[in-house]
Amino acid sequence: MTNKKNLRIEGLSAESLVARFGSPLYVYSKASLLGRLTALKRAFSKREPLICYAMKANPNREVCRIMARAGAGADIVSGGELLRALAAGMRPERVVFSGVGKTADELELALKRRVLTLNVESSEELDALERIARRLKRKAPVSIRLNPDIDPKTHPHITTGRSENKFGVERPEAMRLFRKASTSPWLRVQGIQCHIGSQITDTRPYGLAARAVTGVIKELAGEGIALEMADFGGGLGVTYQNEREHPVGALAKILTAALAPWPAMRLLLEPGRYLVADAGILLTRVLYRKSTSRRRFLIVDAAMNDLGRPALYGAWHPIAPARPRTGPRQAVDIVGPICESGDFMGRDRLLPPCEPGDVLAIFKAGAYGFAMSSQYNSRPRAAEVLVEGSRAKLIRRRETLKDIVRNEL
Ligand SMILES: Cc1ncc(COP(=O)(O)O)c(C=O)c1O
């Protein structure tokens with residue numbers, strides 16, 4: 001990938017951002033974040049869903065605050081995410097809590113903070129929730145997460161709706177849990193949830209999920225258990241290389257048609273990647289060049305601890321020099337300083353000649369980028385910056401070497 005002009009994020013050049021905030025650096029465009037949310041809302045305008053931003057994709061408080069101000073709620077998976085959501089100004093009645101392993105403390109916190117619903121994923125979790133609700137004398141809002149055994153044809157590590165996955169419960173168990181919850185004085189049955197995976201570029205699996213979900217809604221209605229909401233999770237894919245972006249207009253049609261028999265039912269969505277992936281770029285400086293008899297390497301200062309997706313999933317992110325370079329393009333491996341051969345940002349990339357000090361941009365890093373970063377190899381985590389027009393704001397300071405040992409005794 002090459003660019004003809006110096007790379008800019010909104011009104012600021014990538015190089016000026018690195019000069020000011022250091023490297024490696026995550027940079028997010030506010031316009032892009034808002035653009036995605038608006039596009040999704042527009043596609044679904046007939047049904048006006050509650051869009052619960054899946055904070056796991058990028059939990060930075062400022063990112064969440066932008067989503068909250070634009071009317072989104074949050075899909076959370078831990079007590080930490082609940083605190084972050086509330087700190088970012090998310091209204092609790094717009095927060096849904098998913099996850100197979102919510103602890104008693106987390107369930108209690110969620111009840112006390114009055115989240116919209118808890119997406120319950122097992123019989124034992126339902127029992128634990130009921131016990132806590134009884135102790136707190138507070139009725140718990142419950143949705144059951146259905147595992148519909150659908151293959152979304154994405155990377156095996158990010159499928160979540162198949163029988164071999166740990167998520168949700170299969171239909172017979174879901175029916176049992178709905179019936180049980182509906183007879184408890186401490187549980188209030190609210191809805192059904194179904195999240196089948198991530199980076200899904202096809203609407204077909206959602207069509208199957210919709211059929212599974214509406215089947216449950218119908219059967220429950222026949223037994224006098226009326227659900228108020230249907231949550232189809234997230235999973236909308238984006239284009240990293242040559243995948244097609246998820247056709248949200250077509251998805252909106254499918255889900256709107258599926259829920260047509262229940263006009264009062266609230267539709268919920270939990271997109272993460274779709275909202276934030278494109279908005280983020282990881283900027284990194286070239287440290288060294290080297291070659292073996294078989295490969296040419298550019299060693300950069302970002303590593304798998306900063307962006308784990310290539311190492312974890314073999315994910316492909318576009319990479320380009322921030323300043324146009326001339327000269328014949330050559331295949332290079334862009335690798336980080338970590339002591340693992342899996343520590344790469346891109347392999348066999350055709351790039352013009354780059355030199356130490358050059359800034360490279362790793363695109364589409366806004367989702368599951370910083371969020372999955374670690375201090376592996378005792379490397380301080382990168383800083384995060386938000387750009388709005390020609391203004392840049394530091395939204396997470398770079399960690400220092402002191403931060404690496406801060407909690408050790
Ligand atoms: C329950 C749930 N909802 C939403 C999401 C967000 O998925 P995505 O970022 O693919 O939209 C996930 C991701 O793992 C999830 O587990």
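Modeller: The account below begins with the ligand and then turns to individual residues. This is a predicted model, in which local features need pLDDT of at least 70 and side-chain atom pairs count only at pLDDT 80 or more, while totals for chains, interfaces and linings use all residues. Residues are numbered from 1 along each chain as its sequence is written, and side-chain values use heavy atoms, with hydrogens and water left out.

The ligand is surrounded by 16 residues, of which the closest are Ser 198, Gly 235, Glu 270, Arg 273 and Tyr 368; a residue belongs to this shell if one of its heavy atoms lies within 4 Å of the ligand. By class, the shell holds 3 nonpolar, 8 polar and 5 charged residues. In this scheme Ala, Val, Leu, Ile, Met, Phe, Trp, Tyr, Cys and Pro count as nonpolar, Asp, Glu, Lys and Arg as charged, and the others, Gly among them, as polar.

Ser 198 places a polar side-chain atom 2.4 Å from an oxygen atom of the ligand. In the side chain of Glu 270, an N or O atom is 2.6 Å from a nitrogen atom of the ligand. Taken alone, the ligand exposes 390 Å², and the protein buries 92% of that; these areas come from the Shrake-Rupley method with a 1.4 Å probe. The ligand sits in the largest pocket, in the sense that more than half of its atoms lie within 2 Å of the pocket's grid points. A pocket is an open set of points on a 1 Å grid over the protein atoms alone, with protein on both sides within 12 Å along at least five of seven lines.

Helices (H or I, at least four residues) and strands (E, at least two) are DSSP runs, numbered from the N terminus. The peptide bond from Ser 23 to Pro 24 is cis, with omega near -5°, and Pro 24 lies in the loop between α1 (14–21) and β3 (25–29). Glu 10, in the loop between β1 (8–9) and β2 (12–13), has a positive phi near 50° although it is not glycine. With a relative accessible area of 28%, Glu 10 is partly exposed; buried means under 20%, exposed over 50% and partly exposed in between, with a 1.4 Å probe and protein chains only.

Strand β16 (residues 344–351) contains Asp 348, a residue other than glycine whose phi is also positive, at about 55°. Gly 346 is placed in strand β16 too, and it counts as buried because its relative accessibility is 1%.

The loop between β16 and β17 (359–362) holds Asp 358, which is buried at 10% relative accessibility. The side chain of Asp 358 makes a polar contact of 2.7 Å with the side chain of Arg 325. A polar contact is a pair of N or O atoms within 3.5 Å; within protein, one must be able to donate a hydrogen and the other to accept it, and residues adjacent in sequence count only if both atoms are side-chain atoms.

Key: On a 1 Å grid over the protein atoms alone, a cavity is a set of points where a 1.4 Å probe fits but cannot get out, and a pocket is an open set with protein on both sides within 12 Å along at least five of seven lines; lining residues have an atom within 4 Å of a point.
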